[in-house]
Amino acid sequence: MRIGSSIFLIALGAILAWAITPGLVPYVDQTLIGYILMAVGVIGLIASLVLASPGRTRRVSETRSVVDPNTGERIVRNESRDGGL
């Protein structure tokens, strides 16, 4: 769930909970549905903010050492890259 859809659920829940007259739809508690939608929206907003935050960056370093058979010279290669997705 993205930030926009979370905010939409919060707004829709607030409209159902506070702006619409209760009893508009029989046998349905609109206030409770509004509170449930607001809670789901808040949980989704928190989850999307936590998942979108930059965490620790993982760095991978690799060193290779090879001896050239013709000259006997030692060749060292260092490589480093991000370990992200």
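In this predicted model, Tyr35 is partly exposed, with a relative accessible area of 40%. Its aromatic partner is Trp18, which counts as exposed at 59% relative accessibility. The structure holds 1 aromatic pair. The ring centres of Trp18 and Tyr35 lie 6.2 Å apart and the ring planes meet at 80°, so the pair is edge-to-face, the cut-off for that class being over 60 degrees. This pair links distant parts of the chain, with Trp18 in helix H1 and Tyr35 in helix H2, 17 residues apart.

Buried positions in H2 are Gln30, Gly34, Met38, Gly41, Gly44 and Ser48. An α-helix has 3.6 residues a turn, so residues three or four places apart point the same way. The buried residues of H2 pack against helix H1, residues 3-19.

Setting aside neighbours within four places in sequence, Gln30 is in contact with Leu16, Ala17, Ile20, Thr21, Pro22, Gly23, Leu24 and Val25. Among these contacts, Leu16 and Ala17 fall within the range of helix H1, residues 3-19.

Notes: Residues are numbered from 1 along each chain as its sequence is written. This is a predicted model: local features need pLDDT of at least 70, side-chain atom pairs count only at pLDDT 80 or more; totals for chains, interfaces and linings use all residues. Side-chain values use heavy atoms; hydrogens and water are left out. Contact means heavy atoms within 4.5 Å. Buried means under 20% relative accessible area, exposed over 50%, partly exposed in between (1.4 Å probe, protein chains only). Helices (H or I, at least four residues) and strands (E, at least two) are DSSP runs, numbered from the N terminus. Rings of Phe, Tyr and Trp (its six-membered ring) pair if their centres lie within 6.5 Å; planes under 30 degrees apart count as stacked, over 60 as edge-to-face and the rest as tilted.
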